[in-house]
Amino acid sequence: MDSSAHSATDSHTKSMTGADIVINCLNEEKVKFVFGYPGGAVLHIYDALYKQNGFKHILVRHEQAAVHAADAYSRATGDVGVALVTSGPGATNAVTGIATAYMDSIPLVVISGQVPVPAIGMDAFQEVDMVGITRPCVKHNFLVKHVKDIAPTIKKAFFIAKTGRPGPVVVDIPKDITAHIADFIYPKTVEMRSYSPILKGHSGQIKKAVKLLLGAKRPMIYTGGGLVLGNGSAELVRLAKALNFPVTNTLMGLGGYPATDKQFVGMLGMHGSYEANMAMQHCDVLLAVGARFDDRVIGNPKHFSGQKRTIIHIDVDPSSISKRVKVDVPIVGDVQSVLADMVEILAQEENKTTDTADWWDQINEWRGVQSLDYTYSDTVIKPQYVVQKLWEVTNGEAYVTSDVGQHQMWAAQYYKFDKPRRWINSGGLGTMGVGLPYAMGCQFADKHAQVACITGEGSIQMNIQELSTCAQYGLPIKVILLNNRYLGMVRQWQEFFYENRYSESYMDSLPDFVKLAESYGHIGMQITNPADVEGALKEAFARKDKFVFMDFLTDQAENVFPMVENGKGLSEMVLSPLSGSRLKGEQ
Amino acid sequence: MRHIISLLMENEAGALSRVAGLFSARGYNIESLTVAVTEDPTLSRMTIVTTGSDDVIEQIIKQLNKLIDVVKVLDLNDGKHIERELMLVKVKATGVYKDEMKRMCDIFRGRIIDVADNSYTIELTGSCSKLDAFIEAIDRSAILETVRTGASGIGRGDRILKV
């Protein structure tokens with residue numbers, strides 16, 4: 001299968017089974033954790049795994065959670081996440097996790113068992129065409145048909161997963177292959193004539209970009225998940241500081257620029273801050289870094305393009321450039337390298353003064369709207385308040401995972417992330433149920449860290465079985481359940497766009513979450529009074545060794561504001577009644 | 001606009017379905033798609049005929065380049081090129097059709113490659129539009145069967161797509 005050249009690690013090779021080769025490959029890659037679930041097709045691999053002590057295997061309760069946990073481990077550490085699942089249903093259960101990682105460009109290697117080679121295509125027990133099923137949601141995938149191909153394939157899988165625009169890679173291995181014997185030779189390097197990501201940005205384009213930035217009257221820096229994944233935060237901060245330009249982050253990009261810094265104007269997009277969206281719409285020079293102008297970020301692309309501005313776009317993936325919005329200065333390359341080049345060129349410029357005083361006055365006027373203000377209540381818990389207090393109690397240093405819905409937006413709006421890789425959520429696919437397994441992945445990445453899973457009662461029930469995994473490994477995660485007894489975001493849209501017809505958005509028959517947590521040996525708490533929120537959070541985080549499930553009964557009618565409705569332009573936000581009353585003049 | 005895209009890809013199982021899957025997943029048109037191995041047995045060459053605005057074509061090229069198995073992509077419409085397609089047409093060869101089909105075949109520089117009691121099979125190569133023209137030119141009710149390979153394309157002169 002392999003036409004490229006490989007050099008062997010050493011000359012004294014050792015014969016072993018395919019299963020042992022798989023294990024040895026993972027150890028060669030210095031994998032620390034493999035999240036998985038055994039089954040028929042991977043029994044040889046599990047037997048080999050039993051006899052090694054290089055990496056630790058984490059037994060989840062559902063394969064979807066294995067992939068999510070590996071995904072979060074990768075997001076938190078920057079390393080490639082690894083999951084191991086069996087054939088058939090094990091493989092299909094993993095698909096949601098793989099698609100989630102694919103949409104957010106997370107480097108994963110997912111090893112799936114397959115029925116023995118002679119049984120492929122025979123509709124064998126637990127057979128599914130894994131390569132076929134995952135093709136649209138992986139960066140690449142492989143079906144290994146010979147034992148000698150296992151090592152070079154796994155080497156390639158790791159290489160492909162983590163280079164260029166990262167993404168998940170599936171390696172499907174038939175059971176008989178894992179019993180066959182071959183010499184173990186792990187290639188040192190990978191050379192693929194069909195795959196060579198561009199890393200260094202074009203110097204002419206970079207110089208042009210710096211000139212444009214220096215000439216800007218109304219500049220804006222907009223960064224996404226690519227900045228975080230490309231480890232370019234430090235370079236971006238240097239650039240933004242040197243220029244004194246405003247910075248906004250996408251949902252995926254939070255933490256890429258410190259949220260407590262005065263140049264940060266908040267998250268932009270459908271539920272972005274007023275100042276971020278207005279500045280994005282009205283800027284004259286836009287520097288986009290590792291972001292892709294997606295529908296949740298710029299709203300209606302026609303409306304966005306209706307305003308004239310010069311766009312500079314740095315991205316490692318050429319296909320992300322000029323996809324939804326025409327770009328004037330495309331720079332293909334690794335964000336860290338390109339930003340470092342920009343900082344250097346900027347330093348050599350003689351005239352570095354920018355004239356942005358009027359622009360900052362305008363931004364500060366927009367800030368005056370205080371679009372994230374909400375009405376505090378002393379009778380019912382406001383979900384925003386819980387997130388604000390969580391930020392205070394954890395000193396803004398926790399790993400925060402979320403599920404998908406209103407709570408996700410409140411987490412993104414009210415927890416101020418000062419560091420990259422601390423905010424872990426499913427931005428692209430929007431997968432409910434990621435929160436708890438994501439928290440597991442973060443806690444394995446950093447066992448002493450504070451890990452909070454902000455979730456809703458809908459989402460948490462989609463992978464609630466992982467409470468058992470958390471018990472098995474003693475993970476001291478804190479679940480912050482913002483329980484409004486509704487599928488909140490669905491309810492909000494039904495209120496706004498379907499005349500309050502709350503079709504199937506009420507979660508009836510909820511479990512007693514306190515008892516449920518306790519049944520796994522965790523601590524359960526229910527908080528119903530706003531006055532108890534802070535104390536309860538402090539109490540929970542003081543229990544450094546325990547998993548605490550905090551069930552906050554929150555305001556059922558609370559909505560997420562600001563909001564750019566579907567099909568609307570960025571500057572056509574709907575504000576909360578409170579912020580809306582402060583708005584003077586035009587939007 | 002109609003574009004002919006040529007690409008070289010690793011001759012591996014599943015490579016074709018990656019390309020076909022990309023087109024269907026992203027809603028791109030495929031007018032025709034042909035693929036076969038090249039003189040280098042590790043490489044396959046594919047010709048895809050598609051239509052789309054300039055923006056769509058740009059995305060198609062970028063997305064094709066992103067596929068791990070794809071080694072090189074060339075939009076033949078970026079320069080001078082030649083396009084050929086092979087068609088086999090089985091037509092009625094009874095009564096007046098007997099001479100008529102022979103004459104049309106000659107006009108279009110086709111060849112009759114099979115003669116049966118009541119039919120001819122005509123082989124015709126040319127650009128897609130030439131093959132279309134042949135179909136237009138003959139009596140539709142005389143056509144028993146057609147099979148077309150889809151277009152293959154190659155750049156003129158020094159325009160070479162090679163690894």
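This is a predicted model: local features need pLDDT of at least 70, side-chain atom pairs count only at pLDDT 80 or more; totals for chains, interfaces and linings use all residues.
**View 1. Salt bridge between A:Lys200 and A:Asp341.** The closest N and O atoms of A:Lys200 and A:Asp341 are 3.0 Å apart. A:Lys200 belongs to the loop between strand E8 (181-184) and helix H7 (203-214) of chain A, whereas A:Asp341 is part of helix H13 (residues 335-348) of chain A, so the pair ties together parts that are 141 residues apart in sequence. A:Lys200 is exposed, its relative accessible area being 55%, while A:Asp341 is buried at 17%.

**View 2. Salt bridge between A:Asp317 and B:Lys66.** The closest N and O atoms lie 2.9 Å apart. Because A:Asp317 sits in the loop between strand E13 (310-315) and strand E14 (329-332) of chain A and B:Lys66 in helix H2 (residues 54-66) of chain B, the pair joins two chains. A:Asp317 is buried, with a relative accessibility of 3%; B:Lys66 is partly exposed at 31%.

**View 3. Salt bridge between B:Arg111 and B:Glu123.** The side chains meet with an N to O distance of 3.4 Å. B:Arg111 is located in strand E6 (residues 111-115) and B:Glu123 in strand E7 (residues 119-126), both of chain B, so the contact ties together parts that are 12 residues apart in sequence. B:Arg111 is exposed, with a relative accessible area of 51%, and B:Glu123 is partly exposed, with 23%.

**View 4. Network of salt bridges linking A:Lys326, B:Asp55, B:Glu58 and B:Lys62.** In this network, A:Lys326 of chain A is linked with B:Asp55, B:Glu58 and B:Lys62 of chain B. Over all chains, the count comes to 35 salt bridges.

How values were computed:
Residues are numbered from 1 along each chain as its sequence is written. Chains are lettered from A and ligands numbered from 1 in the order in which they are written. Side-chain values use heavy atoms; hydrogens and water are left out. A salt bridge is a side-chain nitrogen of Lys or Arg within 4 Å of a carboxyl oxygen of Asp or Glu. Helices (H or I, at least four residues) and strands (E, at least two) are DSSP runs, numbered from the N terminus. Buried means under 20% relative accessible area, exposed over 50%, partly exposed in between (1.4 Å probe, protein chains only).
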